[in-house]
Amino acid sequence: MKKLILIAVALFALQVSAQEEKKEKHNRGERGERMMNLSAEEMATFQTKKMTLALDLTESQQSKVQKLNLENATKRKEMMENRKAKKENGDAKKPTKEERLAMANARLDHKIAEKAKMKDILNDEQYAKWEKMQARMGKKGKRKGEGKKKGQKRGYDEGKI
């Protein structure tokens with residue numbers, strides 16, 4: 001009888017922790033929604049301030065980073081609005097393999113260009129810290145997409161883009 005009660009308590013504890021985790025994920029999604037409602041200028045300013053705190057940027061570095069972040073935020077906002085418009089019009093369709101490859105190449109080209117610009121703006125110590133920050137953000141993005149399709153293989157070695 002004691003074992004049965006112990007098992008019931010353990011199952012209840014697992015259920016509660018799973019529900020809390022689900023709520024936490026939901027709350028993080030709401031934060032992302034709020035960030036998307038900001039203007040490009042507000043997003044760029046927010047991102048620049050976070051980078052200033054993390055990297056201890058000088059005034060001139062802040063203005064250069066602000067300009068770069070504003071370009072990126074404007075481009076991102078424009079792309080989001082285009083996707084949203086296509087979805088509302090019913091024109092949204094899955095991209096072909098060639099289109100996905102072109103988008104992936106464009107994304108990588110943009111990352112390479114951004115990295116070069118940041119290397120010009122930041123000193124060596126700041127740049128090394130910025131690269132670590134980017135690597136952590138990349139890992140977060142990969143974790144977010146995990147488990148979407150049952151049985152789907154992950155990683156670059158399977159030829160996925």
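This note sets out points on the helices, their packing and selected residues of a predicted model.

1. Overall composition. The protein has five helices and zero strands. Read from the N terminus, the order of its elements is α-α-α-α-α.

2. Burial and surface. Of the 161 residues in the protein, 15% count as buried. The accessible surface amounts to about 14,100 Å², and carbon and sulfur atoms contribute 56% of that area.

3. Packing of α2 on α3. Two packed helices are described by the angle between their axes and the distance between the axes. For helix α2 (residues 40-55) and α3, the axes come within 8 Å and cross at roughly 140°. This angle makes α2 oblique to α3, because an angle has to be over 145 degrees to count as roughly antiparallel. The crossing of α2 and α3 is right-handed.

4. Residues between α2 and α3. On the α2 side, the contact is formed by A40, E41, M43, A44, T45, Q47, T48, M51 and T52. These residues meet Q62, V65, Q66, N69, L70, A73, T74, R76 and K77 of α3. By class, the contact of α2 with α3 comprises seven nonpolar, eight polar and three charged residues.

5. Packing of α3 on α4. Helix α3 (residues 59-89) packs against helix α4 (residues 97-121) at an angle of about 165°, and their axes are 10 Å apart. The two helices are therefore roughly antiparallel. The crossing of α3 and α4 is right-handed.

6. Residues between α3 and α4. From α3, the contact draws on Q61, K64, V65, L68, E71, N72 and K75. From α4, H110, E114, K117, M118 and I121 take part. The contact of α3 with α4 divides into four nonpolar, three polar and five charged residues.

7. M118. This residue is found in helix α4. M118 has a relative accessible area of 1% and is therefore buried, the cut-off for that class being under 20%. Leaving aside neighbours within four places in sequence, M118 is in contact with M51, V65, L68, Y127 and W130. The C-alpha atoms of M118 and Q61 are separated by 9.7 Å, although the two residues are 57 residues apart along the chain.

8. N37. The loop between α1 (2-36) and α2 contains N37. With a relative accessibility of 64%, N37 counts as exposed, since the class requires a value over 50%. N37 and K77 are 40 residues apart in sequence, and their C-alpha atoms are 9.6 Å apart in space.

9. D56. The loop between α2 and α3 holds D56. Its relative accessible area of 63% makes D56 exposed. The phi angle of D56 is near 55°, a positive value in a residue other than glycine. Most residues other than glycine have a negative phi. A reader inspecting the backbone may wish to view D56 with this phi value in mind.

How values were computed
Residues numbered from 1 in each chain as written. Predicted model: local features only at pLDDT ≥ 70, side-chain atom pairs only at ≥ 80, totals over all residues. Heavy atoms only, no water. Axes fitted to C-alpha atoms, helices over the stretch in contact; angles between N-to-C directions. Helix = DSSP H or I, 4+ residues; strand = E, 2+ residues; numbered from the N terminus. Parallel < 35°, antiparallel > 145°, perpendicular 65-115°, else oblique. Left-handed = near helix turned anticlockwise from the far one by under 90°. Contact = heavy atoms within 4.5 Å. Nonpolar A, V, L, I, M, F, W, Y, C, P; charged D, E, K, R; others polar. Buried < 20%, exposed > 50% of the residue type's maximum accessible area, 1.4 Å probe, protein only. Areas by Shrake-Rupley, 256 points an atom, 1.4 Å probe, with all protein chains shown as cover.
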